[in-house]
Amino acid sequence: MTSDELLKRYEPKQTKTLEYERQLWQCRFTPCGKFLIAVGYDSTIQRWAAKDDGYELLAPFSGHNGWLQCLAFAGTNNLCITGDSWGRLSCWDYSSQDSTEPLWTVPDALAGWVRAMAVSPDGNLIAVGGNDSKIRLLSTVDGKLIRQTTELPHEIFSLAFHPNGKSFAAGDFHGTIREFETETGKQRREIEAAGLYQLNHIQDCGGVRQLTFSQDGSQLIAGGMKEPSGGFAKGSPVLQLFNWQSGERIYELVPGDSQDGFIYDAWFHPDGFVVGAASAFPGKGKLFFWKPGDEKPFYVGDKLTNGRSISLHPDGHQLAFTMSNSANANGRPLKDGEYAGGTAKIHILTFPEAFPASS
């Protein structure tokens, strides 16, 4: 399918907007499509029930200590797993109407910030990584530790299981992607995502912020930022495409300018193109759709800025685009004697026609 054909088929239209009083980091449609789950900076898990006439806000889940950046679904039993900046991991029944207590929790799943997680294709294992530079594999049934890697040189920012389940990939702060055996936790190889880390003046800048395999496992995309500059390390979003078998980088896309920041979410659509979201300063970053091999995206949502996550509904017809909404702290006016906190919006976008995600 050509880029023009893809644009005609998939150019999104904004239909609804959900607002929340604090910043949200990730928001995902559940595998059943009946709920929308989000996590963010107030340590709660927010839930909306999808109705024919809109989205109903449900009672939140609470019990975490710090910021939440990680959210994953496991198996077919409505399991949602979340990780926070204190190292706590918790598992919930996201469909529960009666209880808001976790099914299990591991207070010290990591010795520090949980920055990445991924669930194995069979739903039995969850890999978690973050600031303590180790990757742990835990049971999704009860949170029991199964195995862990040795300590790695740098913090882990992204994780993804290969579709065959035999290995998983981890991206670190300094732009290295490592492959590990699922069965043993042993490292197989390293791949350099060159340019996704730089030392800018006295600041470490970058990291492999997103990893996603194609459906057949033949390709891997790594998202981040390159060419940082200035005191706030502003830079250009970058997406690198790798041949997974050879480890060769086969394409690099820069879908924004020097103030559009990091790519925080990116994945392969079933029709073969890549959906991505970038965020940086207020009003910067964007939503984009890209056909691998093209010089530029075939769709860019310039008004859909500060994207933290983008989720496809199982019906293949809806997208949930989550954006942060916060002002710079420097020079920000006081409101009633306090700085106003950041907020979030979830834009519900639809395609012209329904094309199931499983097709």
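**Reading packing and pairing in a predicted model**

Author: Start with one atom pair: a polar atom of the Asn306 side chain lies 3.2 Å from the backbone oxygen of Ala280. A polar contact is a pair of N or O atoms within 3.5 Å, one able to donate a hydrogen and the other to accept it; residues adjacent in sequence count only if both atoms are side-chain atoms. The model is predicted: local features need pLDDT of at least 70, side-chain atom pairs count only at pLDDT 80 or more, and totals for chains, interfaces and linings use all residues. Residues are numbered from 1 along each chain as its sequence is written, and side-chain values use heavy atoms, with hydrogens and water left out.

Reader: Is asparagine 306 buried or exposed?

Author: Buried means under 20% relative accessible area, exposed over 50%, partly exposed in between (1.4 Å probe, protein chains only). Asparagine 306 has 5% relative accessibility, so it counts as buried. This residue sits in the loop between β27 (299-301) and β28. Helices (H or I, at least four residues) and strands (E, at least two) are DSSP runs, numbered from the N terminus. Contact means heavy atoms within 4.5 Å. Beyond its neighbours within four places in sequence, asparagine 306 has contacts that include Ala278, Phe281, Gly283, Thr322 and Ser324.

Reader: How do I read the sides of a helix?

Author: An α-helix has 3.6 residues a turn, so residues three or four places apart point the same way. In helix α1 (residues 3-10), the buried residues are Ser3, Leu6 and Tyr10. They lie on the same side of α1 because they cover an arc of only 60° around the axis, taken from the directions from the helix axis to the C-beta atoms. Asp4 and Lys8, on the other side of α1, are exposed.

Reader: What covers the buried residues of α1?

Author: The cover includes β26 (287-290). Phe273 touches Leu6 and Tyr10, and its other contacts include Phe289 and Trp290.

Reader: Which residues have the most contacts inside the largest nonpolar core?

Author: A nonpolar core is a set of buried Ala, Val, Leu, Ile, Met, Phe, Trp, Tyr and Cys residues joined through side-chain atoms within 4.5 Å. The largest one has 18 residues, and those with the most contacts inside it are Phe273, Val275, Leu287, Phe289, Ile310, Leu319 and Phe321. Two or more residues each come from α1, β25 (274-279), β26, β28 (307-312) and β29 (318-325). β29 gives the most, three residues. A second, separate core has 17 residues, among them Leu79, Leu89, Val119 and Leu138.

Reader: How do I read a strand?

Author: In a regular strand the side chains alternate between the two faces of the sheet. In β15, Ser167, Ala169 and Gly171 point one way, Phe168, Ala170 and Asp172 the other way, and all are buried. With six of its six residues buried, β15 (residues 167-172) is therefore largely enclosed by the rest of the structure.

Reader: Which strand does β14 join, and by how many bridges?

Author: Two strands pair if DSSP finds at least two bridges between them. β14 (residues 156-161) runs antiparallel to β15, joined by five bridges, and alanine 160 stands opposite alanine 169. Their hairpin has five residues between the strands, and glycine 165 there takes a positive phi near 75°. On to β16 (residues 176-181): five bridges join this strand to β15, again antiparallel, with serine 167 opposite glutamate 181. The hairpin of β15 and β16 has three residues between the strands, and glycine 175 takes a positive phi near 80°.
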